[in-house]
Amino acid sequence: MTTSAAPRRAPRLFAISDLHVAYPENRKFVDELWPEHEGDWLIVAGDVAEMAADIEWSLRTLAERFDTVIWSPGNHELWTPRDDPNQLRGEPRYRHLVELCRELGVLTPEDPFPVWRGEGGPVTIAPLFLLYDYTFRPEGTYAKRDALEYAYETGVVCTDEVLLHPDPYPSREDWCRARVAITKERLDAVDPGLPTVLINHWPVVREPTRILRYPEFALWCGTEATADWPVRYRAAAVVYGHLHVPRTTWHDGIRHEEVSVGYPREWKRDWHPSPKLRQILPAPARSAR
């Protein structure tokens with residue numbers, strides 16, 4: 001009598017973000033993070049760490065384990081902390097991280113978009129870097145100045161205002177506008193016969209920010225310029241982080257996955273799921289989410 005071997009499970013595309021490995025608990029989480037099966041791909045949607053050395057350790061660790069790693073930067077990678085030996089700012093800091101990723105074999109928003117040909121494919125996987133332009137404003141404010149004044153009055157101000165420098169652009173919103181234009185041109189050139197997975201650290205539509213405990217923080221969470229991109233670019237899924245509210249939502253019939261790990265103090269909240277990889281492709285059954 002012979003027994004047949006267990007069927008080989010097909011590779012899957014997973015995603016995670018907001019690893020924040022400066023926290024020992026988060027570093028331990030990354031150190032113990034492994035693919036579920038040979039051939040799995042991993043999306044890392046930003047906020048790996050603030051210090052360049054921690055970013056390198058994290059991406060190197062993951063690149064050695066997963067078949068393909070795809071990274072989009074978050075705001076924390078773009079900070080220039082005073083105690084970081086790497087004092088590059090703005091665009092030069094981003095370009096330095098892109099070159100680091102290329103040395104590690106990690107794909108970035110500056111590389112050709114890969115095509116996922118596993119189960120659920122073919123799908124163009126599009127890592128994006130878009131920033132924000134202060135257009136997710138609190139109700140009753142109609143300009144950046146008014147919105148920022150309101151945020152400062154309430155005491156809800158993102159650390160980006162101190163540590164995220166837009167060099168050589170005059171402002172973060174100017175950098176955002178440039179990134180939106182560059183990215184739109186690239187997405188317009190994608191094979192129109194393929195769906196996409198859009199990956200950006202910040203949500204590309206405003207709806208996910210409605211859940212924020214402090215709605216003023218939405219100012220630092222995206223741009224209205226991308227509101228129609230999931231539909232325009234045939235998104236099978238949109239992957240983002242930044243909000244530290246891991247969940248699945250649907251907008252215009254399209255699945256949006258917030259995939260953040262967040263901070264250890266957040267894991268203790270009743271509503272917060274345990275940190276884990278979130279499967280993007282093949283799409284899990286909707287009832288199972």
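Helix α2 (residues 52–63) and helix α4 (residues 90–104) have axes that come within 10 Å and cross at roughly 30 degrees. The model is predicted, so local features need pLDDT of at least 70 and side-chain atom pairs count only at pLDDT 80 or more, while totals for chains, interfaces and linings use all residues. Residues are numbered from 1 along each chain as its sequence is written, and side-chain values use heavy atoms, with hydrogens and water left out.

**Helix packing**

- Helices (H or I, at least four residues) and strands (E, at least two) are DSSP runs, numbered from the N terminus.
- Axes are lines fitted to C-alpha atoms, for helices over the stretch in contact, and angles run from 0 to 180 degrees between N-to-C directions.
- α2 and α4 are therefore roughly parallel to each other (angles under 35 degrees count as roughly parallel).
- In the contact (heavy atoms within 4.5 Å), Ala52, Ile55, Glu56, Leu59, Arg60 and Ala63 of α2 meet Arg93, Leu97, Leu100, Cys101 and Leu104 of α4.
- By class, this contact of α2 with α4 has eight nonpolar, no polar and three charged residues; Ala, Val, Leu, Ile, Met, Phe, Trp, Tyr, Cys and Pro count as nonpolar, Asp, Glu, Lys and Arg as charged, and the others, Gly among them, as polar.
- Helix α1 (residues 24–31) packs with α2 at an angle of about 25 degrees, and their axes are 10 Å apart.
- That angle makes α1 roughly parallel to α2.
- Arg27, Val30 and Asp31 of α1 make this contact with Asp54, Trp57, Thr61 and Leu62 of α2.
- The contact of α1 with α2 has three nonpolar, one polar and three charged residues by class.

**Largest pocket**

- The largest pocket is lined by 23 residues, of which Tyr214, Phe217, Leu243, His244 and Glu266 lie nearest its centre.
- On a 1 Å grid over the protein atoms alone, where a 1.4 Å probe fits, a pocket is an open set of points with protein on both sides within 12 Å along at least five of seven lines, and lining residues have an atom within 4 Å of a point.
- Helices α3 (75–78) and α9 (264–267) each supply at least two residues of the lining.
- By class, the lining has twelve nonpolar, five polar and six charged residues.

**Backbone features**

- Most residues other than glycine have a negative phi, and most peptide bonds are trans.
- Glycine 121 and proline 122 are joined by a cis peptide bond, with omega about 0 degrees; proline 122 is found in the loop between β4 (115–116) and β5 (123–127).
- The peptide bond from aspartate 167 to proline 168 is also cis, with omega near 5 degrees, and proline 168 is found in the loop between α6 (160–163) and α7 (172–188).
- Histidine 20, although not a glycine, has a positive phi of about 45 degrees.

Methods:
Parallel < 35°, antiparallel > 145°, perpendicular 65-115°, else oblique.
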